[in-house]
Amino acid sequence: MNQFEKKVIPVKELPSGDSLSITLYRITGPNPGPHVHIQASVHGSELQGNMAIMELMRVLSKNPINGSITLIPLANPNATNTKNGTLSQGRYNTITGNNWNRNYTDLSELIDYDKFLDDHKDLAWGDLRKAFKLEVLSVCNNEIKKQTNEHLHISENKKLNLLLQKLATSADIVLDLHTGPVACRYLYSAEYQKEYAADLLSPYTLIIPNEFAGAMDEACFMPWVKLHQHLEERGLAKPHDVFSFTVELGDEEVVDSKAARTDCGRLLYFLYKQKVFNENLMAEIEPGKWSELKNYTTYFAPVGGLFEPVVMPGQEFKKDDVLAKIHRPKAIMSLTDVDLAVSELRALADGVVINHTPTAAVGEGMEIIQVLGSLKRWEEK
């Protein structure tokens, strides 16, 4: 059966002298295969991924795998422990203001691809992949050393983000589990791995450019994107078989055991397709839809007031449908015009609601709804 290892890694010493740490679980199967890295809660209020990880561990206790899986629940104790009343203020570092998932390092800019390929030109693809993982690890270690030396000590954002990047350098598959504010299940996939994204069975997939914008998935796939570009320039095209996805699992501040079984099932199907599991352990799910990031639109509040969603996340709508209402008690001028103090926000085009704000009190110009348009089913080009 699978071997189990637990490791506790300190990440920050607190003013009290106590330490925050992350817990890493490594499960190694009896047979060779891909290495998978799965983490959750880089944003501290995004908790459902931990339930999916626990559900996956239940599956791993009974089913042997090919290869190995690293699991990191509650990957950011700084954010998870930052509370404001009953709410988690876990998206931003409250000291620096930095978004915890926009502060990774683009290691692809630090790699000499021509030198690497010249030094390893005689290797078969499997061996070249192993060598490139070591190259990325070396560059990551050098960046950690550089950050420490230049700043006397590395900042808490960079320390955590580079640590998570380092732990993921050996992975063939990286799954970074997040949630939206109030959201449906959806997926971010880079263009270069689009053909494999359907296997995650997400209801909605956003295809993003092969570019770096500071997130974990981008930090992991960009070195491989550029490696493939250099290989293709040399007439040495190779299969795109190292992946990194951001998997969005519903609402922040919520955990749902029942939904976690379906969330886990989608991960299991992808891992089955990647030969981590020998059997399909996932019940059939209706194929999802996809669109490009350019079709992802944010609606801003046209006025201040009380936000009431009409179309819920995961629900599709038509152009001119009412997406939300904003109630404005202070705009009432008489008892006969109460309805005039309600503003309707209508859809500019067909689409689906992906996210909406978790608060009912909104100011003019505040982001309130994100929608995805130009939807296609996976069998469509």
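Me: On a 1 Å grid over the protein atoms alone, a cavity is a set of points where a 1.4 Å probe fits but cannot get out, a pocket is an open set with protein on both sides within 12 Å along at least five of seven lines, and lining residues have an atom within 4 Å of a point. Which residues line the second largest cavity?

Reply: This is a predicted model, in which local features need pLDDT of at least 70 and side-chain atom pairs count only at pLDDT 80 or more, while totals for chains, interfaces and linings use all residues. Residues are numbered from 1 along each chain as its sequence is written, and side-chain values use heavy atoms, with hydrogens and water left out. The second largest cavity is lined by Arg185, Tyr186, Leu187, Leu200, Ser202, Pro203, Val247, Glu248, Leu249, Asp263, Arg266 and Leu267. Two or more of these lining residues come from each of E9, E11 and H8, where E marks strands of at least two residues and H marks helices of at least four, both being DSSP runs numbered from the N terminus. The space in this second largest cavity is about 80 Å³, a volume being the space filled by probe spheres set on grid points that are joined across faces, edges and corners.

Me: How many cavities of 30 Å³ or more are there, and what residues line the largest cavity?

Reply: The count comes to two cavities of 30 Å³ or more. About 140 Å³ of space lies in the largest cavity, and among its 17 lining residues Val136, Ala168, Thr169, Cys220 and Trp224 lie nearest the centre. Helix H7 gives the largest share of this lining, with five residues. By class, the lining of the largest cavity holds 13 nonpolar, three polar and one charged residue, where Ala, Val, Leu, Ile, Met, Phe, Trp, Tyr, Cys and Pro count as nonpolar, Asp, Glu, Lys and Arg as charged, and the others, Gly among them, as polar.

Me: What lines the largest pocket, and which element gives the most to its lining?

Reply: The largest pocket has about 1,100 Å³ of space and is lined by 44 residues, of which His43, Glu46, Arg91, Asn99 and Pro181 lie nearest its centre. Strand E20 (367-372) gives the most to this lining, with four residues.

Me: What makes glutamate 46 and arginine 91 a salt bridge?

Reply: A salt bridge is a side-chain nitrogen of Lys or Arg within 4 Å of a carboxyl oxygen of Asp or Glu. The closest N and O atoms of glutamate 46 and arginine 91 are 2.9 Å apart, so the pair meets the cut-off. The pair links distant parts of the chain, with glutamate 46 in the loop between E3 and H1 and arginine 91 in the loop between E6 and helix H3, 45 residues apart.

Me: Are glutamate 46 and arginine 91 buried or partly exposed, and how do you know?

Reply: Buried means under 20% relative accessible area, exposed over 50%, and partly exposed in between, with a 1.4 Å probe and protein chains only. Glutamate 46 has a relative accessible area of 2%, so it is buried, whereas arginine 91 has 26% and is therefore partly exposed.

Me: Why do arginine 129 and aspartate 172 count as a salt bridge, and what network do they join?

Reply: Their closest N and O atoms are 2.4 Å apart, and the pair therefore passes the same rule. Arginine 129 lies in helix H4 and aspartate 172 in the loop between helix H5 and E7, 43 residues apart. Arginine 129, at 14% relative accessibility, counts as buried, and aspartate 172, at 8%, counts as buried too. Salt bridges that share partners join Arg129, Lys133, Asp172 and Asp241 into one network. Arg129 and Asp172 are also among the residues nearest the centre of the second largest pocket, which has a volume of about 310 Å³.
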